[in-house]
Amino acid sequence: MRDDSPNSWESRADSFSLYGFTDLPSVHERGAVVVTHGKGPYVYDVHGREYLDANSGLWNMVAGFDHPGLAEAAKAQYDRFPGYHAFFGRMSDQTVLLSQKLVEVSPFEKGRVFYTNSGSEANDTMVKILWFLGAAEGNPQRRKIITRVNSYHGVTAVSASMTGKPYNSVFGLPLPGFIHVGCPHYWRFGQDGETEEQFTERMAKELEATIIKEGPDTIAGFFAEPVMGAGGAIPPSKGYFQAVQKVLKRYNIPLIADEVITGFGRTGNTWGCETYDFTPDAIISSKNLTAGYFPMGAVILGPDLADRVQAAAEAIEEFPHGFTASGHPVGCAVALKAIDVIMSEGLAENVRTLTPLFEEGMARLAENANIGEWRGKGLMGALEAVQDKATKTPFDGSLSVSERIANTCTDMGLICRPLGQAVVLCPPFIMTPAQMDEMFDKLEKALKKVFAEVA
Ligand SMILES: *Cc1c(COP(=O)(O)O)cnc(C)c1O
């Protein structure tokens, strides 16, 4: 597969890259896939091989890899005004327009927006806002952050501490004061004889017990993805957000929706919180915000938090926070176009059209004796591989089942993502039904091949 000559793309990638989130034995053996360009939902590597990217890049390239309108919006803004900051009372016109737009399309009647370069920094910024508020309102002890096991909130020191994955222990994380409660995955964590409603109730009770144990006045906020993304495309159990929000309200703890993946259409509505019928106190956005055409994140504060942060800032005459490229005019121009493309130019509609086909395809593959469940919402989903369907017993970890499935798919020209023992799919919103068929046909062949080897 890989070209081993010293000057090949694979060799040079190996020599000069510090690979992030990459299985090193696998990349050494197979070589990195070095891509040069894309067309619709397809990407092409340096050898001219074509791959259907069923993961929209990293969840974000929802308009595909050659959207003319998005590239045009970036080019036009580069020509008009290629860069500016948002410090000292100066900012670009595009930044003002995007903030107004984001509040308009948010579930909030009013609000305020703060920009970052990534989702991690947006979560980090939100935590700093909550810490700032605690201190300003006479509650400097209100600093603890609650998130869930299996959640993914990013990689900065703070957002990695929020992330509920064991791999962060290699960095000595989480930092003190970052607390993880249970993952609302009923199929995996429901107990024998427990109904889904009882499971949800148990999750809410656990949250309340944690709040009481830690001290309610020490908790600054609770962050949750409406559908867990990098945890394995895990939708919440029935009634989860209603049950959890009731507990949080009892103790005046803000609920922050990390909508970095779910925001802008992924679950079939503009926001995941709409899909699950709750209103958070703030929203974290990134990824789809620019359809992946510019690195950008945003904190969208709902009315209560917006007013309180503004008051706290007025009191000391400043909110001392910002990134050099916060509110970058090109990023804002691209985001304004991306929001139009998704919400008004047919992409959100296509998500709703494709969702039944997606669900059908997933359900068909889940009939396989070695698929324990399929789960998902809208155009994000996962197939969970199991050695024994009845007992939900996973395969031996040493078999690397999901990696083998994903590698087999790559060899067939399909990119999908192994996560634990699941294979995750989150196709771009521009997919056609024929491309959806191609995706499921290839994946089905890969599943059959790998299960025949390991089962
Ligand atoms: C990707 C992601 C982040 C981090 O965003 P980056 O831009 O990679 O820093 C945060 N939260 C969720 C839910 C994500 O999926």
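A salt bridge here is a side-chain nitrogen of Lys or Arg within 4 Å of a carboxyl oxygen of Asp or Glu. By this rule the structure has 19 salt bridges. The model is predicted: local features need pLDDT of at least 70, side-chain atom pairs count only at pLDDT 80 or more, and totals for chains, interfaces and linings use all residues. Residues are numbered from 1 along each chain as its sequence is written, and side-chain values use heavy atoms, with hydrogens and water left out.

**Salt bridges**

- Asp-307 forms a salt bridge with Lys-110, with 3.3 Å between the closest N and O atoms. Asp-307 lies in helix H12 (residues 303-316) and Lys-110 in the loop between helix H5 (93-105) and strand E4 (112-116), so the pair ties together parts that are 197 residues apart in sequence. Helices (H or I, at least four residues) and strands (E, at least two) are DSSP runs, numbered from the N terminus.
- Arg-375 forms a salt bridge with Glu-373, the closest N and O atoms being 2.7 Å apart. Arg-375 is buried at 6% relative accessible area, and Glu-373 is buried at 13%. Buried means under 20% relative accessible area, exposed over 50%, and partly exposed in between (1.4 Å probe, protein chains only).
- Lys-213 and Glu-214 form a salt bridge, with closest N and O atoms 3.7 Å apart. Lys-213 counts as exposed at 66% relative accessibility, while Glu-214 is partly exposed at 23%.
- A network of salt bridges links Glu-137, Asp-304 and Arg-308.

**Strand E12**

- All 6 of the 6 residues of strand E12 (residues 380-385) are buried, so the strand is largely enclosed by the rest of the structure.
- In a regular strand the side chains alternate between the two faces of the sheet. In E12, Met-380, Ala-382 and Glu-384 on one side and Gly-381, Leu-383 and Ala-385 on the other are all buried.
- E12 pairs in the antiparallel sense with strand E11 (residues 371-377) over 6 bridges and with strand E15 (residues 422-425) over 4 bridges. Two strands pair if DSSP finds at least two bridges between them.
- Trp-374 has Leu-383 of E12 as its bridge partner, and Glu-384 has Ala-422 of E15.

**Ligand**

- The residues around the ligand (a heavy atom within 4 Å) include Ser-118, Tyr-152, Glu-225 and Lys-287.
- A polar side-chain atom of Ser-120 lies 2.5 Å from a ligand oxygen atom, and one of Lys-287 lies 2.7 Å from a ligand oxygen atom.
- Helix H6 (residues 119-136) supplies the largest share of the shell, 3 residues.

Notes
Polar contact = N/O pair within 3.5 Å; in protein donor to acceptor, adjacent residues only side chain to side chain.
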